[in-house]
Amino acid sequence: MAGLYDKLVSYGKTDACPFHMPGHKRDGKTFRFENPFSFDITEIDGFDNLHHPEGILKEAMEQAALTYGAEKSYFLVNGSSGGILAAISACVRPRGKILMARNCHKSAYHALFLRGLRPEYLCPPAVSDWGMCGGVSAEDVEKALSEHPDAEAVFVTSPTYEGICSDIRKISETAHSHGVPLIVDSAHGAHLPFRKKSGESIFPVSAVEAGADIVIESLHKTLPSLTQTAILHKRSDMVKERDLEWYLQVYQSSSPSYVLMASIDSCISYMGSEDGKRAMIKYESSLEGIRRTFTELSHIRLLSERESDIGGGVCYDPSKLVIRGETMSGPKLYELLREEYHIQPEMCTEIYVILMTSVADSDQAFKRLKNALKDIDKKMAADSGWPFRKKAVFLPRPQVVLAPAETEGNKMRACRKEDSEGQISGEFAYIYPPGVPVLAPGERITGEVLEVLSSYSENGFEILGLEDSGGGTIRVLE
């Protein structure tokens, strides 16, 4: 059997068109990177130390902060997850309370568990018939902070996996009026700071520009950088620098990869250069073109910034192409794109497919996608079957009985899923991507939760977080 390296090399030689992360889109010509073995080093003389930077790494991170408009920026070598863990740990004391959007990535829940934190959830409204979460409103944040004055920080995700952006400027103003910092998981928004500065841009403003106190961005998701590369920005004195830097050491490797750090540095340098600026202008034009294509289609629908799609008070990142077919489920459309047109999407749900784009997508890639969509639309027009009508399922409002960490050490038993309603879960349950839990330890298992889990199973999605990977049983507290 071929090893991982050989399989990766073979896959790299195929004609698979990547509409998924990482954002460099396997383009080794434009974003030149030499043989990594030649410069994969440790902290030898002249190359500084990430956890005590005084030389070249300090200068690189200072330049990054200048580029992004942050007070201070930190390279992350284990993705946004390490940055999220460090940010929450630095802002909220052990066993403290945090106001957190329910649709956050699992790493934020891991912070709750590790620090013994008690969450108060902000539950974004559902987005029409798409089965996804909308944006968090400043009004909901104001209400929650008034009801929970002991909350020590606010944590939201913007943009979401599907590209929906909350009004970070208003939310940050609200948080600051209550004397607490705002942390934004902007893992999917690393490209936003590089939008066109002259003329009107199709992209919303970045979370840093909008006033968040800590912003975590995954460069590898939407920019030309290697997988696992990310950056954390601090932009206010509401967060203690000493605490933040301590927890960045705790949650990151003591032997950070110089290959990854070089990728971060070269990516930011490229995006801030004249070449990068021209590439972003061209990228915005390409996105406008591919999104216009959907006006020519009759049976494939594109999630857009229309209020009828995402609701009022929020905006949309058009780099995400979230599509659904009139006569096809999400998995069927996903497989058709992959198998017949050799276009690899990012992911799918039972209803929609996500195609991720980046500044590295070529004209040929967009043209290939456009032709594939037109061809599939024609096939749907000729399909005499019934229109696809799948009931959208949404993240249910959680019933928190215990904080996640309070379940540790409790006796548990395996309970058949169909008999588990009313029990207290001892496990997480989610599909990955996007890694947003439908159930967390310490929460009551409700009929709504079971309906979502059943929908996942019926559509062939593996439910992660459960000890029983088949999803037949859930570990519950005795």
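## Exercises on a predicted model

The second largest cavity has a volume of about 30 Å³.

**Exercise 1. Find which residues line the second largest cavity, and sort them by class.**

Step 1. Start with the lining residues. They are Ala101, Asn103, Pro124, Gly134, Gly135, Val136, Val156, Thr157, Thr160 and Ser166.

Step 2. Sort them. Four are nonpolar, six are polar and none is charged. Gly counts as polar here.

Step 3. Turn to the largest cavity. It has about 40 Å³ of space. Its lining includes Arg102, Pro396, Arg397, Glu443 and Arg444. By class, that lining has five nonpolar, two polar and four charged residues.

Step 4. Count the cavities. The structure holds two of 30 Å³ or more.

**Exercise 2. Work out which faces of strand β7 are covered, and which strands pair with β7.**

Step 1. Recall the rule for strands. In a regular strand, side chains alternate between the two faces of the sheet.

Step 2. Apply it to β7, residues 182–185. Leu182 and Val184 lie on one side. Ile183 and Asp185 lie on the other. All four are buried, so both faces are covered.

Step 3. Find the partners. β5 joins β7 through four bridges, and the two run parallel. Val156 has Val184 in β7 as its bridge partner. β7 also pairs with β8 (residues 214–217), in the parallel sense, over three bridges. There Asp185 has Ile216 as its bridge partner.

**Exercise 3. Say how many residues of helix α4 are buried, and what they pack against.**

Step 1. Count. Helix α4 spans residues 106–115, and seven of its 10 residues are buried.

Step 2. Name them. They are Lys106, Ser107, Ala108, Tyr109, Ala111, Leu112 and Arg115.

Step 3. List what they pack against. The elements are α3 (79–91), β3 (97–101), β4 (118–122), β5 (151–157) and α8 (241–251).

Step 4. Look just past the helix. Gly116 follows α4, with a positive phi near 70°.

**Exercise 4. Give the strand order of the open sheet of four strands, and explain why one side of β10 and of β14 is left without a neighbour.**

Step 1. Read the order. It is β10-β12-β15-β14, with antiparallel pairing.

Step 2. Find the edges. β10 (300–302) and β14 (347–348) each have a single partner strand, so one side of each has no neighbour in the sheet.

Step 3. Check a pair inside the order. Four bridges join β12 (residues 320–325) to β15 (residues 353–356), and these strands run antiparallel. Ile323 stands opposite Val353 in β15.

Step 4. α12 (residues 330–340) lies across β12, β14 and β15, at about 40° to β15. α13 (residues 363–382) packs on the sheet and touches β10, β12 and β15. The direction of α13 makes about 130° with that of β10.

Conventions:
Residues numbered from 1 in each chain as written. Predicted model: local features only at pLDDT ≥ 70, side-chain atom pairs only at ≥ 80, totals over all residues. Heavy atoms only, no water. Pairing = 2+ DSSP bridges. Contact = heavy atoms within 4.5 Å. Axes fitted to C-alpha atoms, helices over the stretch in contact; angles between N-to-C directions. Buried < 20%, exposed > 50% of the residue type's maximum accessible area, 1.4 Å probe, protein only. 1 Å grid on protein atoms, 1.4 Å probe; cavity = no way out; pocket = protein on both sides within 12 Å on 5 of 7 lines; lining within 4 Å. Points joined across faces, edges and corners; volume = space filled by probe spheres on them.
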